[in-house]
Amino acid sequence: MPLDAVCLRAVVDELAPQLTGARIEKIQQPARDQVVLLLRGSRRLLLCANPNQPRIHMTEKQRDNPSQPPMFCMLLRKRIGNGRIVSIEQAPLERVVTLHIEATDELGEQSRFALILEALGRHANLILCDKEGRILDCLRRVDLEMSQERQVLPGLFYHLPPRQNKRDPLTVTREEFAALLPREETTMDGWLLDTFTAMPPLVAREIVSRAYGESDHRIADSRLWDSFAAWQGQVNGGAFTLRFYLWPYQSIRRLLRQRDRRQLQRTAGQLLRGAGAGGASEAEGAGSHQDRHQRPRPCAPEDRRQGGGICRLP
């Protein structure tokens with residue numbers, strides 16, 4: 001699942017205490033859309049602008065680097081090499097993260113730079129700006145022919161991507177929510193996506209499912225706000241919890257062979273609801289009768305040979 005703005009907020013909150021004040025010792029660009037900052041204390045920060053998996057996180061993996069560093073990597077080394085990360089921030093409800101870096105400029109004076117990761121799927125980019133907000137360079141240059149709305153080129157001032165004309169899901173009140181509710185019959189998850197910005201489809205379906213017991217409910221009432229408000233409170237309170245949900249690999253393969261995607265969705269939903277009540281192993285009723293009492297587990301060796309190291313739902 002792509003990294004949405006809410007999950008990215010959790011990542012930034014986790015990274016902030018680790019990165020603030022960290023000294024950049026080396027800069028590498030092992031791939032065209034990957035930059036690794038080697039920080040003092042043998043730590044590595046990965047900034048990835050891959051269209052399929054844009055992300056930012058700490059990593060222990062040592063990647064092979066080209067014999068000749070790319071031009072963007074050389075620019076980063078020149079501008080922010082041996083610099084200090086002052087802060088990390090995320091634009092509100094945007095998949096845009098900025099590293100504010102203090103480093104010595106060409107005149108030998110301390111200056112500020114901004115290294116900006118736009119985790120925007122196929123529009124993902126990594127941009128270096130000076131203290132005035134002017135673009136020094138970027139991984140993917142966007143000219144007028146590529147976009148009429150926003151260009152990303154050296155020498156231009158940086159501007160955030162255009163915002164959608166939708167409501168903020170983290171500040172909307174009960175009264176505002178009730179006034180926005182549709183009067184006609186429509187899918188509730190679709191309405192959430194059309195009304196609120198930064199609302200991932202999976203989260204919208206989960207909110208509706210928790211309110212009505214099904215994700216394709218079509219008539220709104222107060223239960224939707226109760227479910228929405230619970231999610232809103234968790235996000236605003238920073239109540240993020242990292243969980244890995246594992247399920248028997250052969251059970252998933254059997255359902256896939258039967259092309260029973262509805263059963264797959266029920267299996268996943270029951271597993272997640274059971275985990276919320278006390279752990280993934282407590283989910284009941286998931287899968288067929290013969291799988292009902294099996295517990296989520298890591299893949300067996302023979303399963304790994306057939307398809308990856310972790311059993312995960314498609």
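Leaving aside its neighbours within four places in sequence, which residues is Leu99 in contact with? Taking contact as heavy atoms within 4.5 Å, Leu99 meets Leu19, Leu37, Leu45, Leu47, Ile85, Ser87, Ile88, Phe113, Ala114 and Leu115.

A word on the model before going on. It is predicted, so local features need pLDDT of at least 70 and side-chain atom pairs count only at pLDDT 80 or more, while totals for chains, interfaces and linings use all residues. Residues are numbered from 1 along each chain as its sequence is written, and side-chain values use heavy atoms, with hydrogens and water left out.

Leu99 also belongs to the largest nonpolar core, which has 32 residues. Such a core is a set of buried Ala, Val, Leu, Ile, Met, Phe, Trp, Tyr and Cys residues joined through side-chain atoms within 4.5 Å; buried means under 20% relative accessible area, exposed over 50%, and partly exposed in between, using a 1.4 Å probe and protein chains only. Leu99 is among the members that touch the most others, together with Leu37, Leu45, Leu47, Ile56, Ile80 and Leu115. Helix α2 (residues 71–80) gives the largest share of this core, 5 residues; helices here are DSSP runs of H or I with at least four residues, numbered from the N terminus. Another core lies apart from this one, with 23 residues, including Ala198, Ala211, Tyr212 and Val235.

Now for the cysteines. With a disulfide defined as a pair of cysteine sulfur atoms within 2.5 Å, the count comes to 0. For Cys129, the nearest cysteine sulfur is that of Cys138, 8.8 Å away. Cys129 counts as buried at 1% relative accessibility, and Cys138 is buried too, at 5%.

How values were computed:
Helices (H or I, at least four residues) and strands (E, at least two) are DSSP runs, numbered from the N terminus.
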